[in-house]
Amino acid sequence: MSDKSGFYSVVQFSARPSSFEYVNAGVVIVRPQARQMRVLMSDHAHRIKKLFDDQNAHDFNLMAASFRNRLEFEFQEAPSLERLTAFAGSRANLFRLLPFLPIAVEDIDADARRLFAELVDDEPQARRKSAQRKLADLFKAQGVLDLVDRKPEPVALPGLLQPLRADYGYQNGRYNLIEAVRISPRQELNAVSRIAGQAQLLKAHSDKRLIVVADLPPNAGLLDVIAQSLADAEARVFPLSDSRPLFEDIRAQAARHDRSRLIP
């Protein structure tokens, strides 16, 4: 291992872990050979406020500081990957650590700030075109926008802080809720966990089914991972880059059903 070899992890926070909804709240970066570690935590960022609107900012900052202090106390002198991985695997409460990933560390302070800016700071919406907008454009181009229900009735599910709000819906034996999702490269684990949790709750507590249209990063195996995680919930996933089977099914069902139907 070279003296520049390091590892980093994303710290995630959830006011209610059973909801499957987490937000990135900090980063941990270590350089074992140099016995260096840095922990940067959010100061109650916009996304935390938006998702957990009943989370007090002062309380969050105290908990974040306590989590950072514990990490620094236990690992500052000997931040080995093995010990940190064991620590991450033992945590399943308000804060959790995603699996550590390798990184070349040139300047640990500068690299920590860069990772924090990329992974934790709120991303300006103008920087990207949302998955919802991309799917709407595809529906228009394929001529199926008028064959689906837009913004179907939200579904309240136990364990979710907010009702499940799908972008579109259509009938296919059972009622399908279509959700467009953008998955960023370093939030894959969190996104897959959230989607699978929603699908399982939907199957257990309603007669509707989840269909995910995913705007994916260039990860050849991620689509299969999502599909496997949804299989038990009888949900489906389509890549945004090739959703032709979904378009074809919407057309076929529209031909069989009266479009004046009501949403069940």
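This is a predicted model: local features need pLDDT of at least 70, side-chain atom pairs count only at pLDDT 80 or more; totals for chains, interfaces and linings use all residues.
Residues are numbered from 1 along each chain as its sequence is written, and side-chain values use heavy atoms, with hydrogens and water left out.

Arg31 sits in strand E2 (residues 23–31); helices (H or I, at least four residues) and strands (E, at least two) are DSSP runs, numbered from the N terminus. Setting aside neighbours within four places in sequence, Arg31 is in contact with Asp3, Lys4, Ser5, Gly6, Gln36, Val105, Glu106 and Ile108, where contact means heavy atoms within 4.5 Å.

On to the rings. There are six aromatic pairs in the structure. Rings of Phe, Tyr and Trp (its six-membered ring) pair if their centres lie within 6.5 Å; planes under 30 degrees apart count as stacked, over 60 as edge-to-face and the rest as tilted. Phe67 and Phe95 make a stacked pair, with 5.1 Å from centre to centre and 20° between the planes. This pair ties together distant parts of the chain, since Phe67 belongs to helix H2 (residues 57–75) and Phe95 to strand E4 (residues 95–97), 28 residues apart. Phe67 is buried at a relative accessible area of 4%, and Phe95 is buried at 4%.

Phe75 and Phe87, on the other hand, pair edge-to-face, at 5.4 Å centre to centre and 75° between the planes. Here too the pair links distant parts of the chain: Phe75 is in helix H2 and Phe87 in helix H3 (residues 81–89), twelve residues apart. Both Phe75 and Phe87 are buried. Together with Phe13, the residues Phe67, Phe75, Phe87 and Phe95 form one aromatic cluster.

Finally, a pair of helices. The axes of helix H5 (residues 131–142) and helix H8 (residues 244–256) come within 11 Å and cross at roughly 55°. Axes are lines fitted to C-alpha atoms, for helices over the stretch in contact, and angles run from 0 to 180 degrees between N-to-C directions. H5 and H8 are therefore oblique to each other (under 35 degrees counts as roughly parallel, over 145 as roughly antiparallel, 65 to 115 as roughly perpendicular and the rest as oblique). The contact is made by Leu138, Phe139 and Gln142 of H5 and Phe247, Ile250 and Arg251 of H8.

Note on methods. Buried means under 20% relative accessible area, exposed over 50%, partly exposed in between (1.4 Å probe, protein chains only).
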